[in-house]
Number of protein chains: 2
Amino acid sequence: MASLAFSQALLSRAISHNGSNKNVSVPASSVLKSTSPRTTFFHSQRSASTSSHSLRPLVRAAAVETTDATTDSTLVDKSVNTIRFLAIDAVEKAKSGHPGLPMGCAPMSHILYDEVMRYNPKNPYWFNRDRFVLSAGHGCMLQYALLHLAGYDSVREEDLKSFRQWGSKTPGHPENFETPGVEVTTGPLGQGIANAVGLALAEKHLAARFNKPDSEIVDHYTYSIIGDGCQMEGITNEVCSLAAHWGLGKLIAFYDDNHISIDGDTEIAFTENVDKRFEALGWHVIWVKNGNNGYDEIRAAIKEAKAVTNKPTLIKVTTTIGYGSPNKANSYSVHGAALGEKEVEATRNNLGWPYEPFQVPEDVKSHWSRHTPEGAALEADWNAKFTAYEKKYPEEAEELKSIISGDLPAGWEKALPTYTPESPGDATRNLSQQCLNALAKTLPGFLGGSADLASSNMTLLKAFGDFQNATPEGRNLRFGVREHGMGAICNGVALHSPGFIPYCATFFVFTDYMRAAMRIAALSEAGVIYVMTHDSIGLGEDGPTHQPVEHLSSFRAMPNIMMFRPADGNETAGAYKIAVTRRNTPSVLALSRQKLPQLPGTSIENVERGGYTVSDNSTGNKPDVILVGTGSELEIAAKAGEELRKEGKNVRVVSFVCWELFDEQPDAYKESVLPSDVSARVSIEAGSTFGWGKVVGGKGKSIGIDSFGASAPAGKLYEEFGITVEAVVAAAKSLI
Amino acid sequence: MASLAFSQALLSRAISHNGSNKNVSVPASSVLKSTSPRTTFFHSQRSASTSSHSLRPLVRAAAVETTDATTDSTLVDKSVNTIRFLAIDAVEKAKSGHPGLPMGCAPMSHILYDEVMRYNPKNPYWFNRDRFVLSAGHGCMLQYALLHLAGYDSVREEDLKSFRQWGSKTPGHPENFETPGVEVTTGPLGQGIANAVGLALAEKHLAARFNKPDSEIVDHYTYSIIGDGCQMEGITNEVCSLAAHWGLGKLIAFYDDNHISIDGDTEIAFTENVDKRFEALGWHVIWVKNGNNGYDEIRAAIKEAKAVTNKPTLIKVTTTIGYGSPNKANSYSVHGAALGEKEVEATRNNLGWPYEPFQVPEDVKSHWSRHTPEGAALEADWNAKFTAYEKKYPEEAEELKSIISGDLPAGWEKALPTYTPESPGDATRNLSQQCLNALAKTLPGFLGGSADLASSNMTLLKAFGDFQNATPEGRNLRFGVREHGMGAICNGVALHSPGFIPYCATFFVFTDYMRAAMRIAALSEAGVIYVMTHDSIGLGEDGPTHQPVEHLSSFRAMPNIMMFRPADGNETAGAYKIAVTRRNTPSVLALSRQKLPQLPGTSIENVERGGYTVSDNSTGNKPDVILVGTGSELEIAAKAGEELRKEGKNVRVVSFVCWELFDEQPDAYKESVLPSDVSARVSIEAGSTFGWGKVVGGKGKSIGIDSFGASAPAGKLYEEFGITVEAVVAAAKSLI
């Protein structure tokens with residue numbers, strides 16, 4: 001009976017989709033059977049390279065086999081419904097969440113996790129695993145249900161029961177830092193597919209660098225599920241254009257085409273032809289018309305997608321949101337709220353589900369249980385393969401190990417350049433390029449690029465080529481004018497393997513375009529380095545659209561991100577040292593377009609304190625006045641200090657290169673730099689004064705710019721906006 | 001000779017584009033002539049409605065006539081070269097700027113401004129003018145040259161000569177607030193085309209509301225030039241999807257297809273099929289293969305675009321960046337730097353240009369001079385038409401006048417709801433909806449919507465329908481999940497006419513997606529209202545990806561934007577009152593998801609002070625402690641105040657609903673709220689404490705959240721993060 005009702009519902013869905021009938025209950029007379037469940041659909045395309053796998057009976061999935069020929073369709077039905085009801089039950093218990101997507105996407109995701117993907121549930125961080133990204137992150141109960149069934153320790157029954165509760169492993173959106181098995185943090189729409197592009201880029205890059213004719217040591221797929229909401233976001237178009245340009249053939253995205261978003265039918269705002277758009281972008285596109293029960297269609301689509309190796313594939317899977325719910329399926333009401341007790345009951349009846357809440361039927365449990373030994377075997381196989389690889393290619397293996405483990409080569413930081421006051425002055429963007437090039441030679445996982453401003457951001461790695469479709473071993477990424485996509489792709493790269501250190505670049509003001517991705521880097525502990533040049537009105541003539549003002553403040557306010565504004569070469573190198581070291585915290589470097597002198601008193605070591613004394617002619621920690629500057633204004637502070645000293649004042653000049661690092665220092669150190677008894681403090685920074693109150697205190701003064709900038713040569717702007725030595729001297733005198 | 005060399009160059013361009021030959025100088029033997037310059041290409045499609053125009057000989061351009069049949073091709077060549085050299089000369093003098101785009105886009109823009117567009121140079125704000133947006137804003141010298149030739153007083157010869165200088169009318173990117181004739185502020189790529197979509201939306205909406213069978217009182221086109229950079233930006237895809245969905249037939253975008261961006265050939269990052277993508281989005285697409293001298297092709301394309309009334313049109317115009325420069329054309333070197341003296345000379349020789357820098361040949365000047373009388377006549381005609389309209393349709397005319405002038409109906413603010421402490425408590429997002437609905441009934445230009453969160457942001461206007469292709473009179477905008485596009489579209493709407501008051505909505509955290517557009521609203525003085533709900537960890541289970549933390553600080557740091565965080569109904573209404581009143585400053589309203597009580601002491605009037613005393617049991621302006629709260633935490637501050645008063649303390653509770661407004665108050669008022677003698681101050685806000693130092697002073701304490709939030713019910717989160725009455729009481733006691 002259960003199975004009959006289920007098949008009825010499936011049939012109903014096939015009939016009613018895209019029609020006006022929002023109720024999926026069906027007359028009892030119609031029964032649909034899944035066809036040919038035992039047929040073997042796929043052949044290994046790379047039998048040579050995977051032949052070692054076939055010797056081990058436990059290893060079901062060879063490199064490109066994608067179906068489980070041993071699973072009958074009844075069990076698939078049951079497993080799919082298990083996923084649905086785990087989601088329904090968890091959302092119901094939490095009285096909060098998004099049941100609609102898991103109910104609609106259960107079939108495709110069942111096939112992915114049970115038949116297609118290669119992973120080791122007991123080691124979610126196994127390097128060569130296939131990656132899965134739920135870009136439509138609100139449907140996270142789908143992923144938790146899958147991880148639970150697959151045997152991940154991170155999602156046990158009690159975790160499902162504490163969905164969305166304080167301290168649980170099952171937060172309201174997928175968070176890589178909470179739940180092993182979740183690759184990236186999603187929820188904000190479009191981010192996930194962009195991360196997936198980054199993951200696929202990482203794989204293609206590593207494969208090109210490390211695979212050998214006799215050893216395909218890097219070889220995994222990246223899968224993603226994206227919804228209508230993701231499709232509407234501009235970032236998705238940006239990254240999907242790049243994915244095709246780069247020929248990321250091992251990126252396979254499922255588009256959950258359910259025609260429903262929060263405001264109702266997508267017809268009210270989204271009537272473009274998505275298939276054609278993706279074709280225009282250069283993707284291979286497949287349409288699975290029956291995503292609710294067309295298991296074989298889904299399998300065939302995945303097979304086809306894998307056969308297309310030079311393009312990413314979009315598998316549009318038409319589904320019913322909230323599939324199985326007789327009164328809420330195919331409507332926005334099932335998107336983001338619990339079904340409610342009555343409708344849960346009705347859905348149980350409709351799908352013929354006799355089990356208790358959170359119950360996994362024994363045969364389903366038993367079916368999925370094989371993933372634990374199989375996953376262990378996959379990893380063991382790969383480990384054996386790597387051992388052989390290491391013997392034959394010791395140098396490559398060492399580099400790859402560094403990328404896999406995140407262990408940086410000993411002494412890497414010695415590659416960073418240092419400067420003396422006699423070294424020629426230069427723009428920090430140029431000094432940054434010296435660091436980038438030095439680091440890339442030393443750090444195997446260091447790579448990056450700019451959003452079409454490489455020659456302005458000074459980000460080209462001279463020793464390496466471009467990462468392109470035909471040259472994926474290159475380490476210069478060419479993002480085009482796609483800041484948001486760039487940021488989110490770098491998150492994917494950073495979270496692919498701990499030793500990846502991606503950097504990306506644009507003008508500092510255009511962090512506004514990519515702020516959502518940067519925030520997720522901070523949240524998800526992706527240690528991306530943001531090379532942000534043209535960091536103030538100092539850029540001059542391009543004018544206020546291009547001149548950051550509030551950006552330093554806005555990042556200082558953001559949790560878990562370091563905002564550096566180096567003043568010269570040593571500080572730039574110091575910023576890179578910390579940015580590279582702190583792999584769980586992204587770093588923003590605000591760099592000047594204009595030339596700056598190398599200042600006395602700066603050093604790489606000092607930068608590690610965040611704020612420090614650059615020069616001081618006072619004694620007993622009692623200067624008459626403290627002048628605090630950052631970046632290009634540290635020079636002004638230093639000059640003002642000289643002026644004041646000429647007049648007999650005791651002046652301390654402090655660089656405040658990174659507030660977050662200063663905050664971390666012990667109180668005694670802070671007191672040694674900013675003694676609480678000294679209230680005469682002046683800050684100078686060519687940006688908003690917002691937040692400086694904390695540094696200069698209630699009686700200090702902050703020189704900055706609290707309006708937009710203007711279009712004129714830089715020198716003129718500094719003068720007109722009063723960012724001058726004279727202004728600092730005058731402010732200081734008024735306080736002494 | 002001049003004309004011969006010019007034709008040679010044109011031919012060379014036709015031959016060399018897309019080839020490897022980057023040099024456009026040509027053997028002297030080939031000459032190309034523009035064909036049929038005197039043919040009349042276009043017929044009026046609306047002769048009935050425009051017949052009154054034909055009576056006036058001065059009025060050249062009837063509604064849809066698009067060529068000037070009286071201009072011979074030599075003069076067109078000369079005019080086009082005038083545009084080129086004005087750009088070359090201005091950039092050269094400034095030693096800074098972007099000559100490449102103006103040199104390539106001169107032909108299409110000449111035809112637009114000289115033959116197609118209807119405008120009145122002596123009144124750049126004439127309501128029914130055609131709008132032009134240079135989305136590739138770096139090419140602004142193109143627009144300045146056009147405005148100069150067309151007779152706009154804003155760009156005289158001396159303005160061209162002070163390009164990019166302090167105080168000039170010709171800044172480094174187009175700025176509507178500096179240069180009458182510039183509609184919006186562009187430069188950050190993709191913003192302009194999004195603004196253009198907003199302008200076209202505004203036209204379609206007004207036409208639907210106000211046009212009558214006998215009087216097409218609203219009837220203009222919106223033109224835009226977008227470059228490769230714009231095309232790569234995700235925002236462009238977002239808004240172009242919407243433009244097609246809305247059927248904006250009078251939006252005509254020229255895509256300057258020159259295959260060059262800053263990093264070189266677009267081949268390195270941009271290989272999608274743009275034509276096909278736009279077709280997939282639902283646009284009509286035309287390709288002008290020879291944008292360098294194919295005047296007739298350009299004219300025919302515009303004719304065709306106008307004939308397609310149910311879709312926006314993309315005219316892809318293949319051009320050569322830096323056309324005419326023998327050594328720099330078709331390369332990135334001509335994109336963003338002055339040509340240099342030698343190359344300017346070479347270009348003069350190549351294009352046969354004997355004139356002095358900044359010189360406009362007399363015949364060109366004379367040819368363009370007709371736009372002043374013609375423009376005046378166009379406006380006079382329209383004024384006469386409006387007078388007739390007003391007589392016949394007085395009510396509609398009054399509404400339209402309000403939109404055109406920005407004069408709000410008298411007493412509009414009385415529509416705002418007020419509350420007493422006895423009024424039922426509610427989430428401020430719901431209270432906001434009461435305001436939105438009240439205002440929309442009173443203010444003719446009030447309209448807006450959400451990025452697919454209408455039912456969460458509570459933004460639906462119940463008395464109005466949806467703005468859709470078939471119902472453009474509706475005032476509910478359905479943006480889909482396209483926050484960035486939404487923001488920039490609203491900028492276009494706001495800048496279309498002073499009486500438009502657009503609002504847009506999403507979750508507060510997703511301002512990160514649209515921050516670039518919000519910044520341009522602030523810079524360009526577009527009074528958009530941002531309805532940002534779910535404003536803190538108070539949203540609960542959705543977790544840290546959805547919980548804003550640093551966002552309040554990040555907007556408080558931004559110039560010319562008001563950041564409101566109302567605590568209850570009166571404060572919400574007060575925020576709307578100011579947001580509507582201040583037409584040149586955008587407003588962000590951070591609104592709660594959770595229910596809040598109506599507090600004693602709040603009022604609409606108080607909100608106008610930004611910060612004010614809600615309750616106080618002290619005398620002589622000497623409270624023992626001042627508790628400062630905003631939004632949902634004002635209740636906590638008030639409760640803590642009660643607790644402390646029970647213990648005999650003199651406590652002032654202050655609402656800090658809008659910092660920017662408080663900053664504007666006279667010192668005496670500020671002192672009356674935050675007396676400098678009282679250093680015992682505690683702030684509480686469920687967000688970053690960054691910036692609060694300014695309010696609580698060096699000795700005060702700030703209770704807030706300086707980490708990311710978490711996924712759990714709201715009450716639990718407040719408890720765990722310590723945003724509680726107990727925490728405020730304890731902090732206060734530690735200071736007293």
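Modeller: UniProt positions are given here in the numbering of this structure, with shortened feature names, and such annotations may be inferred rather than shown by experiment. The model is predicted, so local features need pLDDT of at least 70 and side-chain atom pairs count only at pLDDT 80 or more, whereas totals for chains, interfaces and linings use all residues. Residues are numbered from 1 along each chain as its sequence is written, chains are lettered from A and ligands numbered from 1 in the order in which they are written, and side-chain values use heavy atoms, leaving out hydrogens and water.

In an unreviewed entry, UniProt lists Asp228(A), Asn258(A) and Ile260(A) under "binding site". These residues are spread over 33 residues of sequence, yet they cluster in space, with a largest C-alpha distance of 7.4 Å.

Asp228(A) belongs to helix H8 (residues 228–232) of chain A; helices (H or I, at least four residues) and strands (E, at least two) are DSSP runs numbered from the N terminus. Asp228(A) counts as buried because its relative accessibility is 4%, where buried means under 20% relative accessible area, exposed over 50% and partly exposed in between, with a 1.4 Å probe and protein chains only. Leaving out residues up to four places away in sequence, Asp228(A) touches several residues, among them Asn258(A), Ile260(A), Thr266(A) and Phe270(A); contact means heavy atoms within 4.5 Å. Tyr255(A) is also among these neighbours, and its side chain is joined to that of Asp228(A) by a polar contact of 2.5 Å. A polar contact is a pair of N or O atoms within 3.5 Å; within protein, one must be able to donate a hydrogen and the other to accept it, and residues adjacent in sequence count only through side-chain atoms on both sides.

Asn258(A) is found in the loop between strand E3 (251–257) and strand E4 (260–261) of chain A. Asn258(A) is buried because its relative accessible area is 5%.

His138(A) is buried, at a relative accessible area of 14%.

Phe510(A) sits in the loop between strand E11 (501–507) and helix H19 (511–524) of chain A. Because its relative accessibility is 9%, Phe510(A) counts as buried. With residues up to four places away in sequence set aside, Phe510(A) touches Glu483(A), Thr545(A), His546(A) and, in chain B, Pro188(B).

That last residue leads to the contact between the chains. The contact takes 92 residues from chain A and 92 residues from chain B. Between chain B and chain A there are 8 salt bridges, a salt bridge being a side-chain nitrogen of Lys or Arg within 4 Å of a carboxyl oxygen of Asp or Glu. One joins Asp512(A) to Arg515(B), with the closest N and O atoms 3.4 Å apart.
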